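Student: I would like to go through this model term by term. Please set each value against its definition.

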Amino acid sequence: MTVYFEDEAMLTFEFDLERQLEQIISFVRDHVNCPYDLEVSVTMVDKATIQEVNARFRDLSRPTDVLSFPMAEYDKPADFDGPAFCGSHTVDPDTNELVLGDMMLCSEVIKEQAKEYGHSEMREFSFLVVHSMLHLFGYDHILDRDRMEMEEEQRTIMNALGIRRA
């Protein structure tokens, strides 16, 4: 597994960001039974940067906690045999890893939401990485039924990781 990690925000957290990131990515990959080793790019940014990207790609000119940019399409979430996935995914020829996509996390918003929700920064960061990984595997929350499915997956993964709300 290759995780390209860049911390542009350079804020200090109470835990090792990269180690937690790799653990969560690996766990979610196994949870969805992904048959590939993965390549994922992760960038930690400030509010101004994520607001700019959010405006450019989603027409929402406000900061957000996480943005996900999947590289593959799925007929249904985590369907690695469907025609959409088979026609869209990319495997790095040098590493034989599935190029899953990119995630952008806002360090400032992570800290703010952890405080607002009354739990640790590690819990908030982990939840957002799980959320983003599910998006990279084709989950979404546009329709109510899809939102409920994604929320259930998030709960299941967070509980299995032993990371619970305070």
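**Labels and their cut-offs**

Student: Why is Asp 59 called exposed?
Tutor: Its relative accessible area is 70%. Exposed means over 50%, buried under 20%, and partly exposed in between, with a 1.4 Å probe and protein chains only. So Asp 59 counts as exposed.

Student: What are the ground rules here?
Tutor: This is a predicted model, where local features need pLDDT of at least 70 and side-chain atom pairs count only at pLDDT 80 or more, while totals for chains, interfaces and linings use all residues. Residues are numbered from 1 along each chain as its sequence is written, and side-chain values use heavy atoms, with hydrogens and water left out.

Student: Where is Asp 59 found, and what is its phi?
Tutor: Asp 59 is in the loop between helix 2 (47–58) and strand 3. Helices (H or I, at least four residues) and strands (E, at least two) are DSSP runs, numbered from the N terminus. Its phi is positive, about 55°, although Asp 59 is not a glycine. Most residues other than glycine have a negative phi.

Student: Is Ala 78 buried or exposed?
Tutor: Ala 78 has 15% relative accessibility, so it counts as buried. Ala 78 lies in the loop between strand 3 and helix 3 (83–88). Its phi is also positive, near 55°.

Student: What makes Lys 111 partly exposed?
Tutor: Its relative accessibility is 24%, so Lys 111 counts as partly exposed. Lys 111 lies in helix 4.

Student: Which residues is Lys 111 in contact with, leaving aside its neighbours within four places in sequence?
Tutor: Leu 11, Thr 12, Phe 13 and Glu 121. Contact means heavy atoms within 4.5 Å. Lys 111 and Phe 13 are 98 residues apart in sequence, yet 8.5 Å apart in space, C-alpha to C-alpha.

Student: How do helix 4 and helix 5 cross?
Tutor: The axes of helix 4 (residues 107–117) and helix 5 (residues 121–136) come within 8 Å and cross at roughly 115°. Axes are lines fitted to C-alpha atoms, for helices over the stretch in contact, and angles run from 0 to 180 degrees between N-to-C directions. Helix 4 contributes Ile 110, Lys 111, Gln 113, Ala 114 and Tyr 117 to the contact, and helix 5 contributes Glu 121, Glu 124, Phe 125 and Leu 128.

Student: What makes strand 1 and strand 3 edge strands?
Tutor: The open sheet has four strands in the order 1-2-4-3, with mixed pairing. Strand 1 (2–7) and strand 3 (66–70) each have a single partner strand, so one side of each is left without a neighbour in the sheet.

Student: How do you know that strand 3 pairs with strand 4?
Tutor: Two strands pair if DSSP finds at least two bridges between them. Five bridges join strand 3 to strand 4, and the two run antiparallel.

Student: What makes a nonpolar core, and how many residues has the largest?
Tutor: A nonpolar core is a set of buried Ala, Val, Leu, Ile, Met, Phe, Trp, Tyr and Cys residues joined through side-chain atoms within 4.5 Å. The largest has 38 residues; Leu 105, Met 133 and Phe 137 have the most contacts inside it. Helix 5 gives the most to this core, with seven residues.
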